[in-house]
Every structure is written in structure tokens, then in C-alpha cells.
Amino acid sequence: MTPPAAGFGTRIVSTGSFVPEKVVTNFDLAEIMDTSDEWIQKRTGIRQRHISDQSKGEGTVSLAINAAVDAFEKSGLAPEDIDLIICATCTQEMTCPSVACRISERLGTKKAAAFDLAAACSGFLYGLNFAETLIRCGRYRTALIVGADAMSTVMDYTDRSVSILFGDASGSVVVTRDDDPARGCQYQLMGADGVGWEALYMPRREVDIPEHDRDNPIKLGMLRMNGREVFKFAVKKFQEVIEETMEQSGHSIDDLSLMICHQSNLRIIESAREKLGIEEGKVYVNIDRVGNSSAGSIGLCLDELNRAGRINEGDLVLFVAFGGGMTWASSLWRV
Ligand code: COA
């Protein structure tokens, strides 16, 4: 729980995103595994996903840089104006240097702090919340937050229970100080419960695999998931997080202009929307086109909405995510 907003205000200067060119449809997947377009659409709402072309060197760094450059160029700022770069990801090609440092190299920022943040699909909101708080308290003026995950690089495409869900994408936002303290994040919430980690994990060593999952045929280095467990957790947590955020912020669901949530599964999003009585048009969905792109998802939604002219000054926008860890986060903004 956080106290009400104080200090400086904050505002979104610009947004950016990137999806790789290569498209993999459900029909393409049905050619390499025992699945069907009908099953995938019915259970997840996904029709297709974009994936990186690793033969061309595409991956998390290129996703992150493309989204970062997009938001940075639209911001009209100079490299020296950026004080902080946070890249949320769980699919780094290299853990040293961070992906954020590769963004710094590309943008030519010489003094901005830069680091990666690992909170799986909640990562973009963790980054946004941290950056907003640092700006609000006056420590930093301008931050670039990027969420990027090349999930295709951690998919075992012989496993139909996991690989149908994910795709590659990135999203980014430049946030800066605003003189009006009422502007920016009104309320934020971040949490984790490590007890649930075994439902979603990427083991690099045999020894890290829990006893009960030793027979799982998924290869080392690839994402393993207990879909049913994650589904149950997500449906409950999404609703709780939204309710707590609205209650603690003193706003009602009806005050919302938009809800931008992590695109995990259309059924999870719809369950929360229906239970809370949120109008359909206020909840953005792009999972049908891009699948679940982990930390890339919320920034991509934000940029698509921004480009469509649907983010207007004064709007009350709620961001919500959950992810591996298990982690969760929300961020309620007066944009
Ligand atoms: N195609 C066809 N059949 C499939 C399949 C696929 N891709 N994947 C699983 N099945 C089969 C199962 O083998 C099972 O068959 P059985 O009944 O003969 O045993 C049946 O479909 C039901 O499997 P189940 O795992 O119960 O399906 P589900 O309705 O839970 O849907 C997920 C599976 C993964 C789509 C769903 O659990 C989910 O989305 N979970 C949340 C995952 C998530 O959000 N992860 C990201 C967190 S950020």
C-alpha cells in the first residue's frame, strides 16, 4: 500500500513500441504440434503472435532498443535529459551488461543510471512505479522505462501447453516531472508471493527443478508453466488488485477512462472485467494479434492506444499486471 501522491507531479512525454516482423499463426503452430486454431482461440483469445528472427540477430536487445528509440525520438529530448533507464525483462541474452546499458549505448546517454528489472510480466509496471516515485520525490527528473521480452527464445515448441501463449514485443514510455502534483500516478501497488514460483519458471540447471516437476519434458533454459495454477492465481489476483487500487485511491471503477492490463489470456481479462462491471470498450485487448509478450505487453498496449489518440490529458488510466514469481502490480494514472 502507498500513501496518496505527494511531491512533484509526473507526466508521460511519449511512448514507443516494437513487434518483430515475423508472424506465427495458430495454423502455423498446428503444423508442428498437436493443437488447433480453434483450441487456442477458445482457451486464450490468441490468433497469432510475432517472433524474433534469431538468424538475423533479433532478440531482447533489439526489441528493447527499437522501442526505446521510438519513444525517445518522439520525446524531443536530448540524451543528456534522460536521468534513468529501466528495462524490464526476463529474457536477457546477456545479464552483463544489462539490456538497459545497451539502450544507453544506442541513445548516447552518458550519465543516466541504467539497469534491468526482473519481475516477469509485472516488470514494466514495477519499472514505471519505481521511476514515477523517484521523479515524484524530486530525485530524478526524466526516466525511460522499457519492457521487452523475446519469449520465443525461451519457448520449447515441442510443448503445446506453454508455447502457444507467448510472443515477442516491447513497449516503452518516457516520464518526466510536472509542476502539477495532482498529475501522474495517483496510486500504485506492487507485491509478490514467492511461494508460487514453481508455477512459472525457467530453470538453467537440473538442480533448480522442483522434485514434482522432474518428469516435465521441457528443456533446460525454457519456460515451464503450470497453466491451471497460474490461471487460478491470475483470475483471483487481477480482481483483488483492481479492487484494492480503486478503493485506496478513492476512485470508482466508473471514473476510469481506460484499463490497460497485461495480456495473459483473454479469459483472465474478461473474468476481471465482468466481475467488476467494467465497460467492454474501456478494457484494451490486443492479445489476439500479439499473444502474451510478458514485460513487453503493457508498454505495447499503451503505445498502440496513444498512437490511436485514445490517451487524452486528464484521463484516469489503470494499469494492472501479474506474472511469474508470482508478482503483481497496478498503477493508476491521471495522465
Ligand atoms: N492444444 C490442444 N490441447 C491442449 C493444448 C493445446 N495447445 N494445451 C493443452 N491441451 C489439452 C491438455 O492436454 C488437456 O487435455 P486432457 O483434458 O486430455 O488432459 C486439455 O487440453 C485441458 O488442459 P488445461 O491445461 O486444463 O487447459 P486450460 O483450459 O487450463 O488452458 C492454458 C491452458 C495454458 C491456456 C490456461 O491454463 C492458461 O492460460 N493459464 C494461464 C497462463 C498464463 O497466463 N501464463 C502467463 C502468466 S503471465
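Q: Which residues lie nearest the centre of the largest pocket?
A: Leu165, Phe166, Leu200, Met225 and Val230 lie nearest its centre, among 46 lining residues. A pocket is an open set of points on a 1 Å grid over the protein atoms alone, where a 1.4 Å probe fits, with protein on both sides within 12 Å along at least five of seven lines; lining residues have an atom within 4 Å of a point. The model is predicted: local features need pLDDT of at least 70, side-chain atom pairs count only at pLDDT 80 or more, and totals for chains, interfaces and linings use all residues. Residues are numbered from 1 along each chain as its sequence is written, and side-chain values use heavy atoms, with hydrogens and water left out.
Q: Which element gives the most to that lining?
A: α7 does, with 4 residues.
Q: And what takes up the space of the largest pocket?
A: The ligand does; a molecule sits in a pocket if more than half of its atoms lie within 2 Å of the grid points.
Q: What lies 2.9 Å from a ligand oxygen atom?
A: A polar side-chain atom of Arg160. Arg267 also places a polar side-chain atom 3.3 Å from a ligand oxygen atom.
Q: Which backbone lies 3.0 Å from a ligand nitrogen atom?
A: That of Gly227, through an N or O atom.

How values were computed:
Polar contact = N/O pair within 3.5 Å; in protein donor to acceptor, adjacent residues only side chain to side chain. Helix = DSSP H or I, 4+ residues; strand = E, 2+ residues; numbered from the N terminus.
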